[in-house]
Amino acid sequence: MGAMSVRTPSSKPSDSSEAPHRAGFACFVGRPNAGKSTLTNALVGQKVAITANQPQTTRHTVRGIVHRPDAQLILVDTPGLHKPRTLLGQRLNDIVRTTWAEVDIIGFCLPANEKLGPGDRFIAKELASIKKTPKIAIVTKTDLVDSKTLAEQLIAIDQLGKELGFEWAEIVPVSAVADQQVDLLADLLIPLLPEGPALYPEGDLTDEPEQVMIAELIREAALEGVRDELPHSIAVVVEEMLPREDRPADKPLLDIHAFVYIERPSQKGIIIGPKGARLKQVGIKSRQQIEALLGTPVFLDLHVKVAKDWQRDPRQLRKLGF
């Protein structure tokens, strides 16, 4: 195939009413902040992966599930692939490669507003070594550029595949924020899935245990405003979630006890803030999001603890769920 296949709104694939049901896994890759989590949320239609303008915020394999009458698309959100500096970095990279080998489709997210760089080439090279899995290039954040810049980016991405000796199954420009072509992207991913019945019940949006999602929401709120000072030295563990006893059935309350772990005692003041004001804000913000997620009132009890150099200590990493 010599010509480049780029999907625009007019070239939507035709619908066949007799199509068999398909179900399978896709994962989005891309350097930090390429728009992977925002895209996952737009496809699923609910906030599942945490989004933050900071590399390495997605630490768990959060799966978003897109339910359609003819298909079920399960999105595996892997941490970004990067050159590992710490034990945590190494472990994240191992998770990434294992995930890539197991999914049915890989979507490589490349922001429209940034030229291809060494980070993109590093990932594309890794992708080239995974022969069997179809690879879709997803050009994200198209709402931030004009059509000329977008066209140049599409050509550059097409070239990148050719240089590394593989063919993109599709190249799709999208904007999750402006909700442009997100449905089209799902339409293009689905035919690449294997035929088969749904793998998850209809109501499920993610198979992450609720505790992990809650921990991520707290972590996102805790990072708000202190990213420069504590970029990723925050881990959150939900110790317990218990329905409050003696509550009438129509007025339930869920007690959630969580620990915010930091690496050094000096960071404690940053998280807690003057007279505890910051931690209180973190509690209010994350509680609202947790209540929205669970659909029930929540009492959130937050404590800050020091876990010395947890990113480099295998025992601590295990305890904190990595």
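Predicted model: local features only at pLDDT ≥ 70, side-chain atom pairs only at ≥ 80, totals over all residues.
Residues are numbered from 1 along each chain as its sequence is written, and side-chain values use heavy atoms, with hydrogens and water left out.

Lys131 is placed in the loop between helix H3 (118-128) and strand E5 (135-140); helices (H or I, at least four residues) and strands (E, at least two) are DSSP runs numbered from the N terminus. Lys131 counts as exposed because its relative accessibility is 68%, where exposed denotes over 50% relative accessible area, buried under 20% and partly exposed in between (1.4 Å probe, protein chains only).

The protein as a whole comprises nine helices and nine strands. Of its 322 residues, 49% are buried. Among contacts with a separation of 6 or more, 72% are accounted for by residues 24 or more positions apart.

No disulfide, defined as a pair of cysteine sulfur atoms within 2.5 Å, is present, the total being zero. Cys27 is in no disulfide, and the nearest cysteine sulfur, that of Cys109, is 9.5 Å away. Cys109 is likewise in no disulfide, its nearest cysteine sulfur being that of Cys27 at 9.5 Å. Cys27 counts as buried, with 0% relative accessibility, and Cys109 is buried with a relative accessible area of 0%.

Helix H1 (residues 36-44) is mostly covered, with seven of its nine residues buried. These residues are Lys36, Ser37, Leu39, Thr40, Asn41, Leu43 and Val44. Asn41, located in H1, has a relative accessible area of 13% and is therefore buried. In sequence, Asn41 and Ala176 are 135 residues apart, yet their C-alpha atoms are 8.4 Å apart in space. Just after H1, Gly45 adopts a positive phi of about 85°.

Positive phi values also occur in residues other than glycine. Lys141, which is not a glycine, has a positive phi of about 60°. Lys141 lies in the loop between E5 and H4 and is partly exposed, with a relative accessible area of 25%. For Asp246, also a residue other than glycine, phi is positive and near 55°. Asp246 is found in the loop between strand E7 (235-243) and strand E8 (254-262), and counts as exposed at 77% relative accessibility.

The axes of helix H6 (residues 210-223) and helix H8 (residues 277-294) come within 8 Å and cross at roughly 145°; axes are lines fitted to C-alpha atoms, for helices over the stretch in contact, and angles run from 0 to 180 degrees between N-to-C directions. The crossing of H6 with H8 is right-handed, a crossing being left-handed if the near helix is turned anticlockwise from the far one by less than a right angle, and right-handed if clockwise. On the H6 side, the residues involved are Glu210, Met213, Ile214, Leu217, Ile218, Glu220, Ala221 and Ala222, which meet Arg278, Val282, Lys285, Ser286, Gln289, Ile290, Leu293 and Leu294 in H8. By class, this contact has 10 nonpolar, two polar and four charged residues, with Ala, Val, Leu, Ile, Met, Phe, Trp, Tyr, Cys and Pro counted as nonpolar, Asp, Glu, Lys and Arg as charged, and the others, Gly among them, as polar.

Met241 is found in strand E7 and is partly exposed, with a relative accessible area of 22%. Leaving aside neighbours within four places in sequence, Met241 is in contact with Glu210, Gln211, Ile214, Leu254, Asp255, Ile256 and Leu294. The C-alpha atoms of Met241 and Leu300, which lie 59 residues apart along the chain, are separated by 9.4 Å.

Terms used: Contact = heavy atoms within 4.5 Å.
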